[in-house]
Amino acid sequence: SMCVGGLPEPQTDHTRRVALFALGALRAANQTLLDEENPHLGCLNIRVGFHSGPVVASVVGELNPRYCLFGDTVNYASRMESNSEKNCINMSPQANQCLVE
């Protein structure tokens with residue numbers, strides 16, 4: 001799954017909000033049993049990654065319209081997630097810079 005910060009209205013703290021969401025999602029997953037009847041199976045493990053940058057947004061489709069994002073930022077964020085280790089948050093240098101500022 002993917003989330004986005006700063007859309008449709010720009011937010012000066014969008015990267016901070018996404019980082020806090022990532023932390024919350026990781027905590028929630030690690031407290032959610034895979035099978036409540038078999039707790040020995042453990043809890044969910046997720047990978048999280050995020051990036052900060054420009055995107056193009058549009059509503060796509062007539063019969064079943066969807067709000068879609070396009071661009072290198074979306075692809076970069078996807079790579080951050082897919083290259084993250086389980087139960088870790090992987091952020092790009094650009095996202096890190098936004099958090100530091």
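User: What makes a segment of this chain count as a helix or a strand?

Analyst: Helices (H or I, at least four residues) and strands (E, at least two) are DSSP runs, numbered from the N terminus. On that basis the protein chain has three helices and four strands, in the order α-β-β-β-α-β-α from the N terminus on. The model is predicted: local features need pLDDT of at least 70, side-chain atom pairs count only at pLDDT 80 or more, and totals for chains, interfaces and linings use all residues. Residues are numbered from 1 along each chain as its sequence is written, and side-chain values use heavy atoms, with hydrogens and water left out.

User: How do you know what confidence the predictor places in the protein chain?

Analyst: pLDDT is the predictor's confidence in each residue, from 0 to 100. Its mean over the protein chain is 91, and 100% of the residues reach 70 or more. Helix α1 (residues 14-30) has the highest value, 94, and strand β3 (residues 66-70) the lowest, a mean of 88.

User: Why are β2 and β3 called paired?

Analyst: Two strands pair if DSSP finds at least two bridges between them. Strand β2 (residues 56-60) and β3 run antiparallel and are joined by five bridges, so they meet the criterion. A57, for instance, has L69 in β3 as its bridge partner. The two strands form a hairpin with five residues between them, and G61 in the turn has a positive phi of about 100 degrees.

User: What share of the residues is buried?

Analyst: Buried means under 20% relative accessible area (1.4 Å probe, protein chains only). Of the 101 residues in the protein chain, 20% are buried.

Conventions. Buried < 20%, exposed > 50% of the residue type's maximum accessible area, 1.4 Å probe, protein only.
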